[in-house]
Amino acid sequence: MNEIILLKLGELVLKGLNRRSFEDKLQANIHRRLHPFGQFKVYTRQSTTYVEPKDDTCDVEGAYEALTKVFGIVGISLARPCEKDKDAILACAKEFLDDQLRAARTFKVETKRADKTFPMTSIQLSQYVGGELHEAYDNLEVDVHHPELTVYVEVRDYAAYVHAQPQPGAGGLPVGINGRAVSLLSGGIDSPVASWMIAKRGVALEMVHFFSYPYTSPEAKEKVLELAKLLTPYTGRLTVHVVPFTAIQEELRRSCPEELFTVIMRRFMMRISEAVAKRCGAKALVTGECLGQVASQTMDAMMVTGSVVDLPILRPCVGMDKEEIVQIARKIGTFETSILPYEDCCTVFTPRHPRLRPMPGEVAEAEKNLDIDAMVQAAVDGIERVQVNL
């Protein structure tokens, strides 16, 4: 029989009457992610999702790798199905896990008997399979507490399944189950991590990037699009709204106090991002801000920049150390791209002595001669929308 993929579901199994909607969203996401790898049958039984190839042309290895990045899954295993018979299960374990059984020094067998009509209890089946494997492999000793290899046997509705330790999945909730948000994506380390963290909580994303040509290069823009592409295995297809920001920055440089330049620039970013959110039906904004990391990320500065929008601002990195953020960036594969030496718009016209604790009144006073609505509208009208696919 062909190998299949077993997916262990995460916290969605704890949901109550709305659990079905979470499972349906997860299955839809799984189907989309599997499309490049062939035709698969996907179904859920007893908190496990089964992914079965419909024919021999399916790329099971490619599908397996893709599913490790689907939010909503906490464990993933490549398994071999067999008849629900103790000797068939034993033969399947010897054939399917032979290399791992020969390489290990200690092992145990763990059985789950979801089909209660099976004539042996879970303990009895584990003892039988474990005893026979111990006899068959001279290198193996039983260790029920800290084994190098655990052989898993699952007796379920349609068949029995044999597999080894599940690989950790991406966790979280299925993307899209918690609505849509707009994430401000710069070329740095923090914003891709923040986007990934919010997507992990089941939020579909639209991305906004502020581009200040010729002060920032076309390579800087391509760097951001590459970061978006690196996120798509987790988020699915993304739209990046590239905002022309040069005119706004030049006007702020001419008209506003230098020490308030960064915080006023951030206020315009928030206004424009909210306009994008309203267009695409998003219910929140997402930033990579980390409290105290730079002058624009003090508590006072974040209060002033956030006060110009009505939508909630989600800041998943706000309480993290930089090293914690870097560790996640390395894990999700964005770090090496983030540190490429192409500057983004936030480094343009950086003040020598930015105000650390700006006051709402003084910032409003500094903006009073600006035609804010016209400036925002011009930027929104000039947006370039780039589709980034897997």
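Predicted model: local features only at pLDDT ≥ 70, side-chain atom pairs only at ≥ 80, totals over all residues.

Me: What percentage of the residues count as buried?
Reply: A residue counts as buried when its relative accessible area is under 20%. The protein has 390 residues. The part of them that counts as buried is 53%.

Me: Why does the distance between the end C-alpha atoms of H7 agree with the span it should have?
Reply: Helix H7 covers residues 218–235. At 1.5 Å a residue, its 18 residues should span 26 Å. The two values agree because the end C-alpha atoms are apart by 25 Å.

Me: Which residue follows H7, and what is its phi?
Reply: The buried residues of H7 include Tyr234 and Thr235. After H7 comes Gly236. The phi of Gly236 is positive, near 80 degrees.

Me: Which residues does a cis peptide bond join?
Reply: Look in the loop between strand S11 and helix H7, where Pro214 has its place. The omega of the cis bond is about 5 degrees. The residues it joins are Tyr213 and Pro214.

Me: How many nonpolar residues are in the lining of the largest cavity?
Reply: About 60 Å³ of space lies in this cavity. Among the residues that line it are Leu260, Val263 and Pro354. By class, the lining has 2 charged residues, 2 polar ones and, as nonpolar residues, 5.

Terms used
Residues numbered from 1 in each chain as written. Heavy atoms only, no water. 1 Å grid on protein atoms, 1.4 Å probe; cavity = no way out; pocket = protein on both sides within 12 Å on 5 of 7 lines; lining within 4 Å. Points joined across faces, edges and corners; volume = space filled by probe spheres on them. Nonpolar A, V, L, I, M, F, W, Y, C, P; charged D, E, K, R; others polar. Helix = DSSP H or I, 4+ residues; strand = E, 2+ residues; numbered from the N terminus. Expected span 1.5 Å × (residues − 1). Buried < 20%, exposed > 50% of the residue type's maximum accessible area, 1.4 Å probe, protein only.
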